[in-house]
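This briefing is intended for a reader who is meeting the structure for the first time. Please view the sequence and the model together before reading on.

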Amino acid sequence: MHRWSRRSFLRLGGAAAATAALAPAAASEALEPGRGQGPREGLFAEEFALLRARWRDVTAGSGFDARAEPYRTRLARLGARAARHRDTMAPSDGWLWPGQAFPSFTATPARLQAMARAYALPGTGVTGDPGLAAAVAEGIDHYRRRVYAVDAEQTGNWWHWRIGVPRTLLDAAVLIGPHLTDVRSAALRDAVDHFVPESRLGDYSGRSTGANRVDLCTVMLLRALLRCDPGKAALAVSALSPVFRHVDEGDGFYRDGSFIQHTTVPYQGAYGASLLAGLATLLAVLHGSPWEVVDPGRRTVFDAVERSFAPVVHDGACMDLVRGRGIGRRPYGDHKRGREIAAAILVLGEAASPAERDRWRAMVKGWAARDTAVPMLKAAEESADLAFHARLAAVVADEAVPSADEPSGHRLLPMSARAVHRRPGWCAGLSMASHRVSYYEHGNGENLRGWHTGAGMLYWWAEGHGDQYSDSFWSTVDPYRLPGTTVSTRRLPDGAGGAWGDTCPPARWVGGATDGVYATVGQHLNGLESSLEAFKTWVFLDDAVVCLGAGVTAADGVPVETVVDNRRTDAPLTEDRAAGWAHIEGHGGYVFPGPDRPRTLRERRTDGTVARSYTTLWIDHGVDPEAASYVYLLLPGASAGRTRARAADPGFVLLANTAHAQALRVPALGLTAANFWVAGTAGGLTASAPCAVLVREAGDGTAVLAVSDPRCDLDGLTLSWDRPVGEVVRGDPALATATTGQGLTLVFGPLSGRDGASAAVTVRLS
């Protein structure tokens, strides 16, 4: 195997090497090759010593001057805390610290890790302190003997035994180096090997997929660093390969950019963020080493930055529609997850191409500039992640790095039943459920009332609304009245449906068609533990979302409602029921072109000591409706005057709104949008099977037809357009034949293997 020099490795480390130089010699000795390793020395002793240094710099912190603020204060605070932990440690059979009774799967290992970081980082006041390192070593061994013992009975969540505890203990052990004697190191090795045997990485299934697999590989690499084990290092790298493959079902990355964990839950904002951070760390630590990750499939994770993660981050906050059961854990959790994604992207940039690195830095800088609800740089300064603050501060201060604007356009992720629409000044996100995507996820007592988050919840942000769903929204909102949803008001028990995303509706038609700018998205809705059925369509435009509903039917003996909005605000609400519009000052407007008029409610909702105001608008379909329907426009950021004007001229022509098809035309855009729930005709378009169609006529005499198979089951599709067409300018691999003339007929081959993605055909009109 190729050996690499210390000089070349430190050159790869860049600023990391500079940080090591700031640390006193005692701390550096723990990471020097050949010092005190005893029986662990071998052919790769030098390489592992360098990897341990690299691990410290990437994960604990580097690239900053420990003598400058805010690092000086943060490091001194870390050191003071570590000294208190050292001085109050009182090992007994039941604890390491009084008040933290075993097993203490998180608190006790976390203290040991913090102490180890204070030992390894410069400027803490206890940097390189042998007494502190000895206390960490004693604590690791004490916890290993009392809790994480080879013969211990595994209790509670499996994750603690295979990932959480070993990763934290191994991290602390690596940071203190030879202070964990060979006997204690071997004992920790044996415990880790017992709970995380190599067989855990032998089969890519169950609890060893996606983010869990990356975490297990991280544990395996730390295990290799602990004992200079090249075999374990090689296994940690090779076992990553399945993570890089696109999947067609279950956990992992999909070709459309979706990321799924727990088989059915869209999860960029939790497990996905952890996976991205873990892969970024491994790629950065191993870069240039004998175990560098060279699998060509790693391209998937680089592509995922802009295909999977950036689409669901808005102004620095990760949208709740991809955060699973974690949405209600704490206020502003969406912004915290956004920072974690930003941190991972900056680390991953160290192993990316220069062009990618430049784009990503500009993107993160833009997020930091626009996140006024929780300023990213300040939040990073107040966190324990000094490494992220150093990287972000460098990007923010670098005048050569531009601050990228929020991108404009539409991203449809059909495999995860999600859509994100961006136009200048506003952004919207849509959360649905399908036969492959669960209604919602609950587990470990979390998110027990998230029942309807997959019933067409429509999130939206105008300028200045970055905290709309952040500030105690989930703990105070009425869970039966989530924005955009159509629901039966039948009362549900906490945790209705299977835990861990184990309940999916039967409907297959969930998805839509997009040309990357506009979109028509639809959901065949089945209620959770309800007889409710409905057909919902959203057409995403420049300044509005047109919302259609049809076939709204239920027999639960209770009212059915479509929630136009439930805004966390006490801003003034203005209504003109005769003209069919409503407006919330400082937020936006709503237009009702049909006969329906919304009911409204202003209320103050509380959760313990927390109280928030809400303005709710909903359409009451009555008790046990049969084929009810609705039409309304959402106008994010619109003034009252613009809302009034749109009520006078909605700007679209409704072509169909039934359980067979929903379609409309927007003359100003030359746009026709149609969701065919069954074969049929609407607005000059005729489809031979269920599909979604978006047609946009350009001013240059051409038109683009985007066609998709949301059900992912069509062996073929014939689409006709009653419009004179001269020729097909650009086809699609799925297009079999095309007939032009007084009308256009497109015959597509199998669309089932496209994962719901649109097939685009450009024609010249005649």
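The points below concern a predicted model and are grouped by topic.

**Strand β18 and its neighbours**

- Strand β18 covers residues 588-591 and is enclosed on both faces: G588 and Y590 are buried on one side, and G589 and V591 are buried on the other.
- Strand β17 (residues 581-584) pairs with β18 in the antiparallel sense over four bridges, and A582 stands opposite Y590.
- Three residues separate β17 and β18 in a hairpin, where G586 in the turn has a positive phi of about 80 degrees.
- Strand β21 (residues 628-636) also pairs with β18 in the antiparallel sense, over four bridges; here P636 is the bridge partner of G588.

**Aromatic pairs**

- The structure holds 23 aromatic pairs.
- One of them joins F253 and F309, whose ring centres are 6.3 Å apart with planes at 75 degrees, so the pair is edge-to-face.
- F253 belongs to strand β1 and F309 to helix α14, 56 residues apart in the chain.
- F253 is buried at 2% relative accessibility, and F309 is buried at 0%.
- F473 and Y614 form a tilted pair, with 6.1 Å from centre to centre and 55 degrees between the planes.
- This pair links helix α19, which holds F473, to strand β20, which holds Y614, across 141 residues.
- F473 is buried at 0% relative accessibility, and Y614 is buried at 1%.
- Ring pairs also link F473 and Y614 with Y459, W461, Y469 and W474 into a cluster.

**Charges over rings**

- The charged end of R111 sits over the ring of W97, 5.1 Å from its centre.
- R567 lies over the face of W460, 3.5 Å from the ring centre.

Key. Residues numbered from 1 in each chain as written. Predicted model: local features only at pLDDT ≥ 70, side-chain atom pairs only at ≥ 80, totals over all residues. Heavy atoms only, no water. Buried < 20%, exposed > 50% of the residue type's maximum accessible area, 1.4 Å probe, protein only. Helix = DSSP H or I, 4+ residues; strand = E, 2+ residues; numbered from the N terminus. Pairing = 2+ DSSP bridges. Phe/Tyr/Trp six-rings, centres within 6.5 Å; stacked < 30°, edge-to-face > 60°. Lys NZ or Arg CZ within 6 Å of the ring centre and 35° of its normal.
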